[in-house]
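Here is a short briefing on a protein model. Please read it alongside the sequence and coordinates.

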Amino acid sequence: QLVQSGGGLVQTGGSLTLSCATSARIFSSYTMGWFRQAPGKEREFVAAYKWRGGATYYARSAAGRFTVSADNAKNTVILQMNNMTPEDTAVYYCAAGDVLGRGTEYEYDYWGQGTQVTVSS
């Protein structure tokens, strides 16, 4: 239901873009979130976008560097990541769920396949 693209390898200070395409039903009904999981760590919230009203939510680690937006015509949510650091290295997942605010990962019902993001020092 969620198909991710983008990611890869970037140097410190560089930028990457992740995309998550879904159906019109999911895109217009649910909050679209981004999570990440680094090796040996728990999965953590990164950002979220709610189509209805255009609300966005960010983790402290992402605020000011990452931007979540949407291409409504393509039912796609985009995570633009700038000024990246090695601490951003993780597998990134998009998710969709009927949540209040940003929600918790347990409230998201649909998950993308995950994509590796590696930031070299």
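Ala95 lies in strand β9. Strands (E, at least two residues) and helices (H or I, at least four) are DSSP runs, numbered from the N terminus. The model is predicted: local features need pLDDT of at least 70, side-chain atom pairs count only at pLDDT 80 or more, and totals for chains, interfaces and linings use all residues. Residues are numbered from 1 along each chain as its sequence is written, and side-chain values use heavy atoms, with hydrogens and water left out.

**Ala95**
- Ala95 has 0% relative accessibility, so it counts as buried. Buried means under 20% relative accessible area, exposed over 50%, and partly exposed in between (1.4 Å probe, protein chains only).
- Beyond its neighbours within four places in sequence, Ala95 contacts Leu2, Thr31, Met32, Gly33, Phe35, Tyr108, Tyr110 and Trp111. Contact means heavy atoms within 4.5 Å.
- Tyr108 sits 13 residues from Ala95 along the chain, and their C-alpha atoms are separated by 6.1 Å.

**Strand β4 and its partners**
- Strand β4 covers residues 31–37. Six of its seven residues are buried, so the rest of the structure largely encloses β4.
- β4 pairs with β9 (residues 90–97) in the antiparallel sense, over seven bridges. Two strands pair if DSSP finds at least two bridges between them.
- Gln37 has Val91 as its bridge partner in β9.
- β4 also runs antiparallel to β5 (residues 44–50), joined by six bridges.
- Phe35 stands opposite Phe45 in β5.
- Six residues lie between β4 and β5 in their hairpin. Gly40, in the turn, has a positive phi of about 75°.

**Whole protein**
- From the N terminus, the order is β-β-β-α-β-β-β-β-β-β-β-β.
- The radius of gyration is 13 Å, close to the 14 Å that the globule rule gives for 121 residues, so the protein is as compact as a globular protein of that length. The radius is taken over C-alpha atoms; the rule is 2.2 Å times the number of residues to the power 0.38.
- Along the principal axes, the C-alpha atoms fill a box of roughly 40 × 30 × 25 Å.
- Buried residues make up 45% of the 121.
- Of contacts between residues at least 6 apart in sequence, 57% join residues at least 24 apart.
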